[in-house]
Amino acid sequence: AKDPVRVLVTGAAGQIGYALVPMIARGVMLGADQPVILHMLDIPPAAEALNGVKMELVDAAFPLLKGVVATTDAVEACTGVNVAVMVGGFPRKEGMERKDVMSKNVSIYKSQASALEKHAAPNCKVLVVANPANTNALILKEFAPSIPEKNITCLTRLDHNRALGQISERLSVQVSDVKNVIIWGNHSSSQYPDVNHATVSTPAGDKPVRELVADDAWYNELETLLNGEFISTVQQRGAAIIKARKLSSALSAASSACDHIRDWVLGTPEGTFVSMGVYSDGSYNVPAGLIYSFPVTCKNGEWSIVQGLPIDEFSRKKLDLTAEELSEEKALAYSCLA
Ligand code: NAX
């Protein structure tokens, strides 16, 4: 039998945490043959709720779950972890300035970076979910210099999955037949959901989403849909969920976090790419030194950015706009450190 993998979930008493920990304990994240030990961290006001989650994990009698650490101590939580999913953070409350929220998260991510750097297992893989996800991940990277930068990522897979879902709904095809959408940039409304490389699997082979409708009038309509409504629907989907549920996305966020780690660890299928927020190396003329969402493939536990995709003029502008927003966020985060 395999040795258990230790998985940290911060903010584990929150709503995403509540959806995520049972998925991990069932093998959704790391595979049905991979035992896990869950490490759950939250803050003292949530300690009782966190203990309640631990009780439910015991009650569910998950065969793969070999242990649970539930704690408000970051060092205890980070010790020996192989995977860290950072869901805890400071939410933006009504009337709060962006800078105040940034400053709270910068201090959280700075101190958790140190705890991970000192106590996590070597080669620990980190996924930041908490917003502002890209910039929290960048702060974590800056303050955990001994963790390889390739190991620090943020979640844009939910946006990626939302894009797949929208195409499937609009074209009345199964979501499992759609692939290779791309989320570029920030996990915010400046993100660019790109369908130019997306395909739908049909009995006659893979067809580009953009060519699926041959008829010109329809094609124009599809163009409008893809460049207009589709982009804004994906960008604004989080707000639409809040409006409908009176709570933000949780099950879809948890499921997408599992997809992100699973593909990273176990690899992406041949011919399929997914979106991950990763440390930019300057690919596609995105400024180096930002955590930016790119199309990636994964193999042997490492991601690599898909190279050489043609970028049209419309897309270029969108890639640059979201990069600019990330540079501004980075500057704001640094101003909070000063
Ligand atoms: P909740 O408010 O339900 O849960 C957050 C939990 O984090 C709480 O239990 C809180 O006590 C805990 N926490 C706060 N500070 C902490 C700290 N310093 N250490 C450890 N735990 C701490 O929020 P939830 O709906 O679960 O969302 C969590 C985060 O995910 C938010 O920042 C949210 O904006 C972000 N999201 C990111 C998404 C993405 O795709 N990247 C999508 C979903 C989600 O909106």
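# Reading the structure

Biologist: Is Asn136 buried or exposed?
Modeller: Asn136 has 28 C-beta neighbours inside 10 Å. A residue is buried if 20 or more other C-beta atoms lie within 10 Å of its own, exposed if 12 or fewer, and partly exposed in between; C-beta atoms are placed from the backbone. So Asn136 counts as buried.

Biologist: What kind of model is this?
Modeller: Residues are numbered from 1 along each chain as its sequence is written. Local features need pLDDT of at least 70, side-chain atom pairs count only at pLDDT 80 or more, totals for chains, interfaces and linings use all residues, and the model itself is predicted.

Biologist: Which residues is Asn136 in contact with?
Modeller: Asn136 lies in helix H5. Helices (H or I, at least four residues) and strands (E, at least two) are DSSP runs, numbered from the N terminus. Contact means that two C-beta atoms, placed from the backbone, lie within 7 Å. Leaving aside neighbours within four places in sequence, the contacts of Asn136 are Gly89, Asn105, Tyr109, Val128 and Ala130.

Biologist: What does Val128 touch?
Modeller: Neighbours up to four places away in sequence are not counted. Asn136 is one of the residues that Val128 touches.

Biologist: Which element gives the most to the largest nonpolar core?
Modeller: The largest nonpolar core has 95 residues, and those with the most contacts inside it are Leu38, Val85, Val128 and Val129. Such a core is a set of buried Ala, Val, Leu, Ile, Met, Phe, Trp, Tyr and Cys residues joined through C-beta atoms within 7 Å. Seven residues of this core come from its top contributor, H4.

Biologist: Which residues are closest to the ligand?
Modeller: The ligand is surrounded by 28 residues. A residue is near a molecule if its C-beta atom, placed from the backbone, lies within 6 Å of it. The closest are Gly11, Gly14, Ile16, Gly88 and Asn131.

Biologist: How many residues of the shell around the ligand are charged?
Modeller: Helix H1 (residues 15–25) supplies the largest share of the shell, three residues. Ala, Val, Leu, Ile, Met, Phe, Trp, Tyr, Cys and Pro count as nonpolar, Asp, Glu, Lys and Arg as charged, and the others, Gly among them, as polar. The shell has 16 nonpolar residues and 11 polar ones, and the number of charged ones is one.

Biologist: How far apart are the farthest two C-alpha atoms of the "binding site" residues?
Modeller: An unreviewed UniProt entry places this feature at Arg92, Arg98, Asn131 and Arg162. They span 71 residues in sequence and do not all gather at one spot, because the farthest two C-alpha atoms are separated by 25.9 Å.

Biologist: Is Arg98 buried or exposed?
Modeller: Arg92 is in the loop between strand E4 (83–86) and helix H4 (98–119), and with 16 C-beta neighbours inside 10 Å counts as partly exposed. Arg98 is in H4 itself. With 12 such neighbours, Arg98 counts as exposed.

Biologist: What is omega for the cis peptide bond at Pro132?
Modeller: Pro132 lies in the loop between strand E5 (125–128) and H5. The cis bond joins Asn131 and Pro132. Its omega is about -5 degrees.

Biologist: Is Asn180 buried or exposed?
Modeller: Asn180 sits in the loop between strand E7 (178–179) and E8. Its phi is near 65 degrees, a positive value in a residue other than glycine. With 24 other C-beta atoms within 10 Å, Asn180 is buried.

Biologist: And is Ala61 buried or exposed?
Modeller: Ala61 has a positive phi of about 50 degrees although it is not a glycine. Its loop runs between helix H2 (47–59) and strand E3 (65–71). With 8 C-beta neighbours inside 10 Å, Ala61 counts as exposed.

Technical notes: UniProt positions renumbered as here; feature names shortened; annotations may be inferred.
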